[in-house]
Amino acid sequence: MAAAPLRPRLLPLLLLAALSLSLSLAAAFQSDELLLLHDDDEFEGAGARPSPPPPAPAATAAAASSRRRSSDAAASVHTESSVVQFSLEHDLGSGFVPAGSFSARLKSSAHGSQTLTKLRFTRNELTRDEKDAFEKLLKEDGFYSIRLPSNVLGPARKDYVVSSIKARCIPHESLDEHIVIHMDGVNILAVNYGSVGGCQYPRPMKVPSKWIFNSYTVLKTAEQAPRTPSFVDQLVEAENGLGDVVKPPEKSFWAKYWMYIIPLGLIVMNAITAAANVSEGQAGEQGQPGAQRAPNAAPRRR
Amino acid sequence: MAPPRHLLLILLAAASLATLAAAVYEDQVGLADWHQKYIGKVKQAVYHSQKSGRRRVVVLTEENVIASLDLRSGDIFWRHVIEKNDPVDQLGLSLAKYAVTLSMGGSTLRAWNLPDGQMIWETNLQVSKSSKPLLHFLSNSKVAKDNLVLVSAGQWIYAVSSIDGVIAWGKEFSLDGLEIKQVLQSPENDILYVVGIAGSSKLNLYQLNAKTGEVVKHIQESFPGALCGETILGSHNVLVALDETRSGLFLIEFKGESINYNKVHISDLVQDLSGRVKLLPLMSNGIIALQASSTVSLLKLKGIDGLEVIQSFEQPAAVSNALTITEKDEGFAVVRHMGSEIEFIVKFTSDVSNEVIREKINIDQHRGNIQKVFLNNYIRTDKSHGFRALLVLEDHSLLLVQQGNVVWSREDGLASIIDVTTSELPVEKDGVSVANVEHNLFEWLKGHMLKLKGTLMLASADELAAIQALRLKNSEKNKMTRDHNGFRKLLILLTKAGKVIALHTGDGRIIWSNLLPSLRASKSGEMPSALRIYQWQVPHHRVMRENPSILVVGRSGTDSAAPGVLSVLDSYSGEELNSLKFDHSVVQIIPLMLKDSSEQRLHLIVDSHYRAHLYPRSPDAINVFLHEIPNTYFYTVDIEKNVIRGHSLQKSCDLSSDDEYCFSTKELWSIVFPSDAERIAITETRKMNEVVHTQAKIIADQDVMYKYLSKNLVFVATVSPKAASEIGSAAPEEAWLVAYLIDAVTGRILHRVTHHGAQGPVHAVVSENWVVYLYFNLRAHRFEMAVIEIYDQSRADNKDVLKLILGKHNLSAPITSYIRSEVMVKSQSYFFTHSVKTMTVTQTAKGITSKQLLIGTIGDQVLALDKRFVDPRRSVNPTQQEKEEGIIPLTDSLPIIPMSYVTHSLQVEALRGIVAIPSKLESTTLVFTYGVDLFYTRLAPSRTYDSLTDEFSYALLLITIVALVAAIIFTWIWSEKKELNDKWR
């Protein structure tokens, strides 16, 4: 900036230079990103060709990259094929009947594995009979059970994951439910059905004022365990003498030797007072002139 | 003994800061621990030849042990426990120098040196897998120069030199489905006869040159009926084969060129024919033995024309193999039961009607029937033939009988323990001296003389040993009464044979044993299997006078759908108080926390139809139980279907029968593991009787974390299907392990974590609020031990003191699993060096003492690893506060301190299980380890902070006190005098 008033003509030049530099920098940055994207796309394309993911037919690299760029438009194209629906069934004491449905988007990752996202849940409204059955459950302190298919894609395997709760836990103002679905790819491992908030014991009988389900749903997948820490590298480093042994910070003199200084100080003080006393006593015994004693004696008498 | 509480706390703190390894000194070995060696049920036995002059026998057992036993005492000279995946099938002696074993379906041949058991050579043979490989020793002196051992398995036959294990020749018969059944040797020339059955009805006879293995001749003969494959050699050229229906015998004679045969119906010979007919391998001069379910018959062969019954013995009876006594004579033994005694009969094959020996021997009633006899002869002092025999009984024990007496017996059923429980000993009653050891005045005097000698240092080494033995015998620890510290207990063991044995923890001696009638093989050949053993009744205050009792549950067959059997035994005497046969199967046994008025613990037994049955079946029990039905849940693990299910109980069975002790169940929750990605490897829960002392953990920065303490916590580990087999079979990419923490009441998955590149075998321990599990990390090529600690976040608000004072906390609210409490999980993993066989954790009476993991290593030892090493909160540089708390700096692998081996220098061969039992003394836990061997010891994970150690010098304490008192008196007198003097001045 200091150069500006001196050589005003240089300013545009400098600006230009700075701009070009920044542009070139930005360009370099962008190209880096693009390369990455490009790599990814190529990888996906290559991965897709030998084994196309079941819902989406084999996509060329170009199609995939175009999908990337205009994700919204492309997504809407693919949405219909990748939406899965599965129903929730409940048991009010007389067998399982459909009670609601889940819809979710199936997302395929580069490795060919599939996961569910954007889970939505809609509950069917309770019919008159169901309300009666529910009230009966409440009276009996019975179990309210729900179930989901264990595989959202393959209806061939008719396994269900079941979860139950004491019916009396559910009613608050309305019927509050909390559903946790544990997923492993497209398999539902387990569903945990619970009430919102606690469920006290003993459970009081309580009929909800509104026969509407308030549902909260959560999808959960497995956590990855962290790798076991390995100190082998550090050990090798230490052996090679590369990693210097970190010396503890030098303590101050006081911090190091306070335990000697304090007793020493005490002894010294003790000795001084003792010496003072002795000299005082000696002075007293020797019978010094009254001029010295008088001021001492005077306050005592007061 | 117990110091005041604050002192205890200080000592606890001091002990926790002490070194983490606790070991015994060399001279302390054997004071609190004992080790017993066993071999298992003997399936083959060969005696040393008389010429070798050693009175030993080499045995092969069902626990895969080869052992050399002393015939005089039954002691083990040497012993090898072979891995279970290398099953030993055959045993023989060669050259009177080596014991030769054939294992792995005939593919491994080993020779062991007889005097010391060292392996001399091992040869691997290429064979087709065979159900019954054979071992044959060439005895003919003509070919004995190389002393060939013949091994045949499937279509293969090998001749191996017994000197160095070099294969002389090998031959594969190129006939499909051929199974070699017999190898025999012609006495005259170097021709071997090999008899094999192809398909089920084609008999093949090969004549081989014994020196080269060339086929000289091959004859095939088809039979009109199929053979079941059981054949024995009746005489040198007659083969006896059982047909497929086990109702007819083929007598097959081969005379040089041709095969002649004749069929005999067994029913013509033996009248009472029921059950499965078996040929007993009694090889002798034309005598064969036939076993039916009710009789054992001796038959004499008359060429191939027919058979003649010589004698029949009522079952149970056993016949030994023939034993060559002279050139032309062979002897064999028959043992049968005669009431409470057994009869031991020896006969010669040349004159079967005559009995050489008939002796009656008394044996223990609790040993069951004779199953095997191994006969041996010796020269008596008057140069006549004497006989002795090893008997194998139903309870797997081994007895040597000679001259009408049981010379020694080994309780080898203890090598196959299935389950363990404990029982308290009776309370010492006043006025009755239970430890009446010094019964004899002379003995008493002698003992005291010895002790005096020992104190005056005049005793010799032998006498010192005698003093030590006396001290051990008379010591407190072997009394038959309950002690103050709870160290003396009865270990009650259930063995595979269905025998219940009680051992004293003091020295491991057998107090009582009982072979349960309900678990004994029935006449119809059904083999019941023992399952579990539980404490049935542990009397307390009200019914104190009654003896405690135990419950044994088994199945009346090997199949899991077989109806169950139950039996209740008195813990002090072993008497069977009650026995019951169920009309339902036993899949799961659930001991409940409930007790009826006579303090019998309630048990739920779940059958294969998910119906729960309540035991004991008494109105009292059902009254207690009915109140608890709404709060009773259980879970089942279906490994085949990969599903875990939770159930609740409903009021009554859906059966039409009005059985009020039967409850139907309702499936409450299920977790379905996808079979293509996960297989259940292990499920583990907390021990029911575990006691937790503190619910909260105070961490370094004065913060409190509440442990998630639920008895319903279940740990499940699944592995990818490819990683389910052995290590090395799966690549790291296709192997993973998923660990789950599940609440067994609601089925809620509290935590789920995936370890990539990990595979089984998985071992896990659940205790308090933590899980430790061990698996193999394929990427790091090491075993890894991971820990998960789980904390309850919903109770975290209770830290506020003000709330506590105002009573606004939720500490006193009843805990229900339906509260979805937030949990927090901390985890960490560490490398571990050893491969592990089993894992458990120490248990103490109040749960105050810190815990140790007891790890059964691959070397059959038990390693005690402090739980603090597997703490998820370890960090590389712990702060000063954390160090004070006892957190160890983070390392990548767990240290193995040689001193922390509980088994010190001993090995518990073929280790299978470790049981930790709390004693009354809080610091101490009792550890019982079993496999083929047994080992018991006491363990103090944080040192014995609540009692004085054995080495504590009471004399010094006394002297100090006396000296102090004397000093006080002396100074007092002195000061008095001084004062007086001062006053006089």
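This is a predicted model: local features need pLDDT of at least 70, side-chain atom pairs count only at pLDDT 80 or more; totals for chains, interfaces and linings use all residues.

Analyst: In chain A, the ring of Tyr160(A) has the charged end of Arg147(A) sitting over it, 3.7 Å from the ring centre; a charge sits over a ring if NZ of Lys or CZ of Arg is within 6 Å of the ring centre and within 35 degrees of the ring normal.

Residues are numbered from 1 along each chain as its sequence is written, chains are lettered from A and ligands numbered from 1 in the order in which they are written, and side-chain values use heavy atoms, with hydrogens and water left out.

Over all chains, the structure holds 22 aromatic pairs; rings of Phe, Tyr and Trp (its six-membered ring) pair if their centres lie within 6.5 Å, and planes under 30 degrees apart count as stacked, over 60 as edge-to-face and the rest as tilted. Tyr144(A) and Phe213(A) form a stacked pair, with 6.3 Å from centre to centre and 20 degrees between the planes. Because Tyr144(A) lies in strand β4 (residues 143–149) of chain A and Phe213(A) in strand β8 (residues 213–220) of chain A, the pair ties together parts that are 69 residues apart in sequence. Strands here are DSSP runs (E, at least two residues), as helices are (H or I, at least four), numbered from the N terminus.

Tyr144(A) counts as buried because its relative accessibility is 0%, and Phe213(A), with a relative accessible area of 11%, is buried as well; buried means under 20% relative accessible area, exposed over 50%, and partly exposed in between (1.4 Å probe, protein chains only). Tyr144(A) and Phe213(A) belong to one aromatic cluster with Phe134(A), Tyr193(A) and Trp211(A).

Tyr144(A) is also among the residues that His90(A) touches, including Phe96(A), Arg123(A) and Glu130(A), when residues up to four places away in sequence are not counted; contact means heavy atoms within 4.5 Å. His90(A) is found in strand β1 (residues 83–91) of chain A, and at 1% relative accessibility it counts as buried. The side chains of His90(A) and Glu130(A) are joined by a polar contact of 3.1 Å, that is, a pair of N or O atoms within 3.5 Å, where within protein one must be able to donate a hydrogen and the other to accept it, and residues adjacent in sequence count only if both atoms are side-chain atoms.
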